Amino acid sequence: MTDPDFAWHRQHGLKPLINVAGTMTGLGASITTPSVAAATAAAMGNFVSIHEAQRLASTVIREATGAEAGFLTASASAGITLSVAACMTGHDPARVEALPHDPGFRDEVILQAGHLCGYGSSLEQTVRLTGARVRRVGQSTLCMDHHITGALSERTAAAVYVISHHVVHYGQCPLDRYIDLAHTSGIPVVVDAASEYDLRGFLALGADLVVYSGHKFLGGPTSGIIAGRRDLVRSAYLQNMGIGRGMKIGKESIFGAIAALQEWQGRDHAAIRRAEGAALAMWKDALADLRGIRARAVPDPTGNPLSRLQVEIDAKTFGVDAATVARILSEHNPAIIVRNHTVELGFFQLDPCNLQPGQDRIVAKALHSILSQPNTFESRPSDRDVGRNDSVNACMEW
Ligand SMILES: *Cc1c(COP(=O)(O)O)cnc(C)c1O
């Protein structure tokens with residue numbers, strides 16, 4: 001799969017790029033291994049009963065997660081919508097067909113205010129697609145037990161919980177407590193774990209449905225995994241007759257995701273972590289003698305076994321700020337796309353999880369040669385908005 005000369009990009013007239021941002025939809029999410037790509041290609045040449053393929057996926061999801069059952073859909077975002085819909089409709093196909101216009105009596109979903117995040121679109125809208133209303137509980141940085149218990153009622157369909165670097169990381173109710181409080185009122189808990197490596201822990205804590213992306217760390221084709229309680233998985237799957245139709249997954253992605261899940265369990269995670277650590281060390285060295293720049297490895301905020309290199313830029317000493325540096329790196333050939341959500345705080349991160357062989361060195365060389373000449377950089381007012389408005393701007397380009 002590796003393409004050190006970016007031949008594929010050139011063939012299509014596309015700009016070569018190296019992704020040190022992470023598993024970003026806007027960059028093509030992740031790279032599949034040759035065997036996952038082959039599983040996808042093999043499916044393209046065959047007909048299959050999709051229900052049979054999904055039952056096979058369920059077996060693989062059970063093995064990987066410890067869930068009672070599971071199935072695959074278009075994305076984690078779709079998985080959240082379908083999971084919430086499942087908690088609203090039960091097994092009644094008439095109610096499935098009535099969404100989103102007629103959500104029925106159980107039409108509320110509780111979510112902590114600090115979890116109302118976005119990931120390219122808003123979680124709240126992802127839930128509202130079902131017709132449910134989001135009832136936010138607590139304040140952005142504080143959710144007490146009574147906020148949760150006070151919001152639960154006979155109208156509550158589900159309690160959604162997000163595990164992610166995108167959410168507020170203090171003052172939130174821990175997942176085990178959230179599950180206890182919801183279950184005491186008989187409310188199922190849906191966990192958005194789209195970007196998490198831990199395929200078993202949240203279900204083991206008692207979550208009723210857990211949703212993962214197939215195309216993030218798993219390196220599968222674009223897909224979402226729903227795993228959990230059999231009765232709820234069945235209701236969620238039933239949504240394919242309703243609002244789930246536009247979120248459908250095809251045979252190619254089903255077989256690609258199955259292969260990715262199987263491969264994940266046999267992957268040499270320790271060796272991958274060593275290679276990622278070596279890349280971080282190489283980049284740190286490349287930046288070591290630059291005035292105004294400090295680089296240090298920081299662990300993933302949700303405990304995924306992954307560290308990133310945080311590059312902190314003292315704009316006064318260095319001459320330009322982190323936002324301008326991120327933009328200059330993106331204008332290099334190949335473009336070096338950094339993790340830029342925090343540039344306004346004076347730093348960005350380099351994420352090694354999507355590196356292809358040899359790219360660690362290209363990035364190190366580019367970092368050193370580009371950042372050695374800050375006096376040639378020109379700040380632009382728009383640099384401030386890198387990572388904030390760029391998705392809207394990109395949509396306006398044609
Ligand atoms: C990426 C992400 C999603 C969306 O995942 P897709 O599979 O791309 O739809 C949802 N929630 C969180 C926390 C994410 O990080």
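Good morning. Two strands are said to pair if DSSP finds at least two bridges between them. With that definition in hand, I shall present this structure, which is a predicted model.

Ala 295 stands opposite Val 311, a residue of strand 10. The strands concerned are strand 9 and strand 10, the latter covering residues 307–313, and they pair in the antiparallel sense over seven bridges. They belong to an open sheet of three strands, arranged in the order 9-10-12 with antiparallel pairing. Where are the edges of this sheet? The edge strands are strand 9, residues 293–299, and strand 12, residues 347–350, and each of them pairs on one side only. On average, neighbouring strands here are turned by 30° against each other, direction ignored. A helix packs on this sheet: helix 12, residues 269–287, touches strand 9, strand 10 and strand 12. The direction of helix 12 makes about 15° with that of strand 10.

Seven strands form an open sheet in the order 2-8-7-6-5-3-4, and the pairing is mixed. Why is one side of strand 2 and of strand 4 left without a neighbour in the sheet? Strand 2, residues 69–73, and strand 4, residues 133–137, stand at the edges and have a single partner strand each, so one side of each has no neighbour in the sheet. From one strand to the next, the twist averages 25°.

Within this sheet, please look at strand 5, residues 156–162, and strand 6, residues 189–192. These two pair in the parallel sense over four bridges. Ala 159 has Val 189 in strand 6 as its bridge partner.

Two helices lie across strands of this sheet. Helix 4, residues 76–89, lies across strand 2, strand 3, strand 5, strand 6, strand 7 and strand 8, and runs at about 165° to strand 7. Helix 10, residues 230–238, lies across strand 2, strand 7 and strand 8, at about 25° to strand 2.

Next, the ligand. Which residues come nearest to the ligand, of the 13 around it? They are Ala 76, Ser 77, Asp 192, Ser 213 and Lys 216. In Ser 77, a backbone N or O atom lies 2.9 Å from an oxygen atom of the ligand. In Ser 213, an N or O atom of the side chain is 2.5 Å from a ligand oxygen atom. In Lys 216, a polar side-chain atom lies 2.8 Å from an oxygen atom of the ligand. On its own, the ligand has 380 Å² of accessible area, and the protein covers 93% of it. By class, the shell around the ligand has three nonpolar, eight polar and two charged residues.

Finally, some backbone details. The peptide bond from Leu 99 to Pro 100 is cis, with omega near 0°. Pro 100 is placed in the loop between helix 5, residues 93–98, and strand 3, residues 108–112. The peptide bond from Asn 333 to Pro 334 is also cis, with omega near 0°, and Pro 334 lies in the loop between helix 14, residues 322–330, and strand 11, residues 335–338. Phe 6 has a positive phi of about 60°, although it is not a glycine. Phe 6 is found in the segment before helix 1, residues 7–11.

Thank you for your attention.

Notes:
Residues numbered from 1 in each chain as written. Predicted model: local features only at pLDDT ≥ 70, side-chain atom pairs only at ≥ 80, totals over all residues. Heavy atoms only, no water. Axes fitted to C-alpha atoms, helices over the stretch in contact; angles between N-to-C directions. Contact = heavy atoms within 4.5 Å. Near = heavy atom within 4 Å. Polar contact = N/O pair within 3.5 Å; in protein donor to acceptor, adjacent residues only side chain to side chain. Areas by Shrake-Rupley, 256 points an atom, 1.4 Å probe, with all protein chains shown as cover. Nonpolar A, V, L, I, M, F, W, Y, C, P; charged D, E, K, R; others polar.
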